[in-house]
Each structure stands twice: as structure tokens, then as C-alpha cells.
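The sequence and structure come first, followed by the points grouped by topic.

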Amino acid sequence: MWPRWASRNILDNTIRQVKFNNQRIYLGISVDMPALRSESEAGVEFTLRQLQYFIAAADAGTISAAADSMHVSASALSAAITDLERVLDVQLCVRRKAHGLALTPSGQQVYEQARSILRAATEIQHSASAPSGELSGPVTVGCYLTLAPTVLPKVLAGFGELHERVQVNMVEGSQNELLESLAAGDIDVAVVYDMQISGNPNRVRLYSVPAHILIPADHPRADQETISLEDLEPEPFILFDVPPSTTHTMALFTGRGLQPRVRHRSKSYETVRALVGRGLGYSVLVQRPRNNHSYEGRPLLVKEITPPVPQIVVYMIWAEGVHLSSRARALVKYAKTIDWSASI
């Protein structure tokens with residue numbers, strides 16, 4: 001076992017091989033960003049810092065914005081990218097003062113490979129610096145907006161107790177935003193509904209739940225255990241208008257030949273509940289908070305739909321072909337062990 005004081009030496013001398021433009025490149029990881037040397041051209045080298053600056057510029061779209069994010073001067077960042085282009089003998093980007101920075105086709109290829117190299121470098125550093133057997137470093141989980149209050153508190157609290165050295169970051173967003181973030185490598189895993197998931201991402205099932213009807217406590221059908229959509233069709237409807245929830249909700253009606261009378265639309269889950277609490281209409285939602293009152297304290301009633309509607313599965317997913325870090329794998333494993341029945 002390596003002693004803790006040896007971490008810097010370990011980092012300084014760790015060597016990894018990676019593929020870059022069909023050549024083998026030897027990656028020397030060091031705290032002061034050493035060079036990458038080509039097996040075929042020992043005199044050609046570039047640094048991890050140059051890759052960082054190039055990726056920052058590509059992400060920001062301008063040299064000045066990237067320089068601000070990296071806390072360096074614009075001239076220093078621009079010079080680093082120029083040096084990288086010289087070493088690789090290829091133009092990576094087109095720089096226009098009025099239109100920012102755009103990647104060339106070669107630049108896009110290098111961008112993807114550079115991100116992989118830096119991720120590998122980060123993994124080496126975290127592995128070397130953590131005590132033997134402990135997980136250390138960041139992991140980012142994305143979550144669909146309405147699922148977040150149900151899923152994230154349990155995952156973050158429980159996983160954090162098991163792995164105190166892992167920094168769990170969270171990102172909330174729409175289904176499309178999360179899928180884009182997964183594809184870009186900005187998040188490790190995402191928790192989403194099994195609706196309109198493009199591609200073929202890896203997935204594990206967390207739980208499933210059917211949609212329900214939400215009405216105010218003084219609704220004429222408050223005493224019924226179940227309510228049909230046909231019964232409520234003539235009444236004003238409050239629509240939670242965030243994809244893919246919008247499509248799913250409307251399909252429940254159109255699948256039965258119904259057309260709800262949409263009175264209000266909102267992208268806020270709690271606003272929908274507040275409007276229902278005010279008696280402005282009913283709604284159809286999926287998530288079921290334990291709190292049966294709106295933000296204003298007005299009572300709300302949850303009613304099952306009759307005939308029953310199909311349950312919606314909640315998945316934790318990650319991008320196809322991506323090898324998760326040990327931290328992300330541990331997070332997925334932990335999420336599968338949670339008793340979600342107490343939350344839904």
C-alpha cells in the first residue's frame with residue numbers, strides 16, 4: 001500500500017496510453033501539467049493545460065469568456081490554443097471577433113478526444129490521492145424537474161453517508177436538457193421518466209407510478225375513491241406544461257377520445273397545485289408529494305383514475321458506450337437499493 005505522502009510522486013510518474021488520431025500517446029500525469037509525447041515523434045508535445053484551455057474555449061464560444069472561466073488572460077489562453085494547433089499541425093477552430101469561435105471538423109474530433117483524456121487524468125488523480133479502498137472525487141447526477149424532490153434527497157443523503165469523500169453534484173432540468181447533458185458528458189447519470197428517451201442509453205429501473213387526478217378538497221366528487229377522465233372532461237383543466245409530461249398527459253385523454261378544456265398552463269409543478277387548490281380546475285399529475293396542501297395551505301385530494309392507466313417507470317440512465325467512473329457505478333448501485341415505495 002502506498003503511503004499518503006507518496007501521492008504527488010505517484011501522480012508525477014503515472015503513465016497511461018490513450019488513442020489520439022490513431023497514434024499511441026503516452027500520458028504523463030503531473031500536478032504541474034507535463035507534456036504528452038508521441039511514440040513516433042518524441043520532439044512533439046502538448047500539455048493538459050492546453051487541452052483544458054481549448055475545451056474551455058469550445059464550450060464558451062469565445063476566447064474572452066473562456067479566459068474568464070479559467071481565470072487567465074485572453075492572450076494567454078489564445079496563445080495556448082495556437083501552440084496546440086502548431087503541435088498537432090491542424091487548425092482546431094476559426095476565431096472571428098464578431099462571431100466568436102467555431103470548431104473545425106478536426107477541432108471537433110480533437111475536442112471529443114481531449115475531453116476523454118482529461119477525464120482519464122482526473123480519474124488517475126482521484127484514485128491516487130484517495131486512501132486505499134475509498135471512493136473520492138466528484139459525480140454529477142441529473143434529475144427531471146418534478147422527480148427531483150422525491151429522488152435527490154434520498155440519493156444525496158444516503159450515498160453521502162456511505163462515501164463521505166465523494167462530492168455529489170446535482171443538476172435539475174427537462175428531459176431533453178438532461179439527455180443533451182449526458183451526451184455532452186456534463187453529467188454522469190440522470191433520473192428520468194420512461195418517456196421520449198432518445199437513443200439507447202444504459203438504464204436501471206428505480207420504481208414505477210401511475211398518473212393521478214388532483215382536485216380541490218371541496219370538489220363535488222371529493223367523496224369518490226376513483227374518478228374517470230370522462231367525468232371531468234367538461235371542467236376546466238390545469239396543464240403541467242413541461243415535456244414529456246405534456247405529451248403523456250394529453251395522450252391519456254386523446255387515447256380515450258377526449259379533449260380536456262385547458263384553462264391554464266404552467267411550467268411549475270407547485271403552481272399547478274396552487275391553482276387547483278384555488279378551485280380553478282383539476283389536473284393530472286404523476287408525482288405524489290406527501291404534503292396534501294398547496295403552497296397557500298389549501299387542501300388537495302389525490303384520486304386514482306378509472307379505468308386504471310399504465311404506470312410510468314422511473315429510470316436512472318447513462319449514455320450508451322460510456323464507462324462509468326467507480327463513483328458513478330457506486331451511485332447507481334446505491335440507488336437500486338433504496339426502498340422507493342415509501343416516497344411514492
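Relative accessible area sorts residues into buried (under 20%), exposed (over 50%) and partly exposed (in between), using a 1.4 Å probe and protein chains only. The model is predicted: local features need pLDDT of at least 70, side-chain atom pairs count only at pLDDT 80 or more, and totals for chains, interfaces and linings use all residues. Residues are numbered from 1 along each chain as its sequence is written, and side-chain values use heavy atoms, with hydrogens and water left out. Helices (H or I, at least four residues) and strands (E, at least two) are DSSP runs, numbered from the N terminus.

**Arg205**
- Arg205 sits in strand S10, which spans residues 202-210.
- With a relative accessible area of 48%, Arg205 is partly exposed.
- Contacts (heavy atoms within 4.5 Å) link Arg205 to Val313, Val314 and Tyr315, leaving aside residues up to four places away in sequence.
- Arg205 and Val314 are 109 residues apart along the chain, and 6.2 Å separates their C-alpha atoms.
- The side chains of Arg205 and Ser208 make a polar contact at 2.8 Å.
- A polar contact is a pair of N or O atoms within 3.5 Å; within protein, one must be able to donate a hydrogen and the other to accept it, and residues adjacent in sequence count only if both atoms are side-chain atoms.

**Arg327**
- Arg327 belongs to helix H11 (residues 326-337).
- Its relative accessibility is 5%, so Arg327 counts as buried.
- A polar atom of the Arg327 side chain lies 2.7 Å from the backbone oxygen of Pro138.

**Helices H3 and H4**
- Helix H3 (residues 63-70) packs against helix H4 (residues 74-88) at an angle of about 105°, with the axes 8 Å apart.
- H3 and H4 are therefore roughly perpendicular to each other, a class that covers angles of 65 to 115 degrees.
- Ile63, Ala66, Ala67 and Met70 in H3 meet Ala74, Leu77, Ser78 and Ile81 in H4.
- The residues of this contact comprise 7 nonpolar, 1 polar and no charged.

**Sheet**
- An open sheet of 4 strands has the order S12-S16-S11-S15, with mixed pairing; two strands pair if DSSP finds at least two bridges between them.
- Strands S12 (226-227) and S15 (283-285) stand at the edges, each with a single partner strand, so one side of each has no neighbour in the sheet.
- Strands S11 (residues 212-216) and S16 (residues 300-305) run antiparallel and are joined by 5 bridges.
- Ile213 stands opposite Lys303 in S16.

Technical notes. Axes are lines fitted to C-alpha atoms, for helices over the stretch in contact, and angles run from 0 to 180 degrees between N-to-C directions. Angles under 35 degrees count as roughly parallel, over 145 as roughly antiparallel, 65 to 115 as roughly perpendicular and the rest as oblique. Ala, Val, Leu, Ile, Met, Phe, Trp, Tyr, Cys and Pro count as nonpolar, Asp, Glu, Lys and Arg as charged, and the others, Gly among them, as polar.
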